[in-house]
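Open the model in your viewer and keep the selection tool ready.

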Amino acid sequence: FPGSVTGATPVFTNMVEMGLVDKAEFAFYLNRDATAGNGGELTLGGVDPNHYTGDFFNVPLTTGPLAETYWAFEFEDFSISGTPITDCGTSGCIAIADSGTSLLAAPTKIAQAINDKIGAVGILTEECDELIEQYAPQIIDGLIARLPAKEICKDIHLNNGICTYVVGLLEKGLAANATKEDIEHAVEVVCQTLPNPAGESTINCDKISSLPNVSFKINGKVFTLTPEQYIL
């Protein structure tokens with residue numbers, strides 16, 4: 001088993017060496033129903049057949065620095081609706097199975113390509129879109145009147161961080177002689193320019209049924225996830 005980041009022997013490794021478990025196996029079950037009383041389960045020394053169907057598929061772990069502290073393995077391909085998103089087939093790729101998160105993480109370039117394919121947007125972008133969709137006319141009028149961001153947001157009863165942040169960005173980006181057309185265009189595109197904190201993105205849940213499947217090819221076997229499975 002991989003060791004810990006601090007170099008300490010993991011608890012489960014000690015349990016195996018002391019003969020406290022039947023098998024050198026452990027399994028996680030995460031309940032997707034956030035309202036359920038039981039959020040999940042960690043099984044030590046085996047697996048719980050109540051939480052899976054089919055057969056397990058063995059995947060060899062990699063070697064090297066990453067494998068010292070992570071469950072790292074190679075995979076040959078990642079695709080969306082059958083279209084490869086990476087060049088893993090030629091250059092090779094390494095993934096980790098991390099029980100500390102339920103998110104799918106990837107390098108920025110690949111994550112952006114995935115988000116573009118499924119229509120996901122950054123968290124700030126989503127909040128900004130909602131703000132502009134509801135209050136664009138009032139924000140535009142306030143900017144034309146050269147009111148400060150805090151006052152514009154106060155007038156529309158949104159004296160909160162996202163409103164002040166977005167309107168403040170608009171203020172700073174507009175020239176002193178900006179026309180009404182300039183302001184309208186700036187309001188229209190401002191949400192596309194926002195940073196994506198922590199790289200996390202969201203998607204409109206009403207669109208889940210129309211999203212594509214995604215597939216990983218690992219050790220020669222293709223694993224396909226439906227939108228209902230890869231969207232939290």
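A residue counts as buried when its relative accessible area is under 20%, and a salt bridge needs a side-chain nitrogen of Lys or Arg within 4 Å of a carboxyl oxygen of Asp or Glu. Bear in mind that this model is predicted.

**Stop 1: Asp48.** Select Asp48, in the loop between strand S2 (40-44) and helix H2 (65-69). Which side chain of opposite charge is nearest to Asp48? It is that of Lys23, 13 Å away. Asp48 is buried but has no salt bridge. Now show backbone atoms. The Asp48 side chain reaches the backbone nitrogen of Asn50 at 2.9 Å.

**Stop 2: H5 and H8.** Select residues 123-144 for helix H5 and 180-189 for helix H8. Two packed helices are described by the angle and the distance between their axes. Here the axes come within 10 Å and cross at roughly 145°. The crossing of H5 and H8 is right-handed. Show side chains at the meeting place. From H5, pick Ile132, Ala136, Ile139, Ile140, Leu143 and Ile144. They meet Lys180, Ile183, Glu184 and Val187 of H8.

**Stop 3: two positive phi values.** Most residues other than glycine have a negative phi. Move to Arg146, in the loop between H5 and helix H6 (149-155). Its phi is positive, near 60°. Arg146 counts as partly exposed because its relative accessibility is 45%.

Go on to His157, in the loop between H6 and helix H7 (161-173). The phi of His157 is also positive, near 60°. At 72% relative accessibility, His157 counts as exposed.

Note on methods
Residues are numbered from 1 along each chain as its sequence is written. This is a predicted model: local features need pLDDT of at least 70, side-chain atom pairs count only at pLDDT 80 or more; totals for chains, interfaces and linings use all residues. Side-chain values use heavy atoms; hydrogens and water are left out. Helices (H or I, at least four residues) and strands (E, at least two) are DSSP runs, numbered from the N terminus. Buried means under 20% relative accessible area, exposed over 50%, partly exposed in between (1.4 Å probe, protein chains only). Lys and Arg count as positive and Asp and Glu as negative; His and the chain ends are not counted. A polar contact is a pair of N or O atoms within 3.5 Å; within protein, one must be able to donate a hydrogen and the other to accept it, and residues adjacent in sequence count only if both atoms are side-chain atoms. Axes are lines fitted to C-alpha atoms, for helices over the stretch in contact, and angles run from 0 to 180 degrees between N-to-C directions. A crossing is left-handed if the near helix is turned anticlockwise from the far one by less than a right angle, and right-handed if clockwise. Contact means heavy atoms within 4.5 Å.
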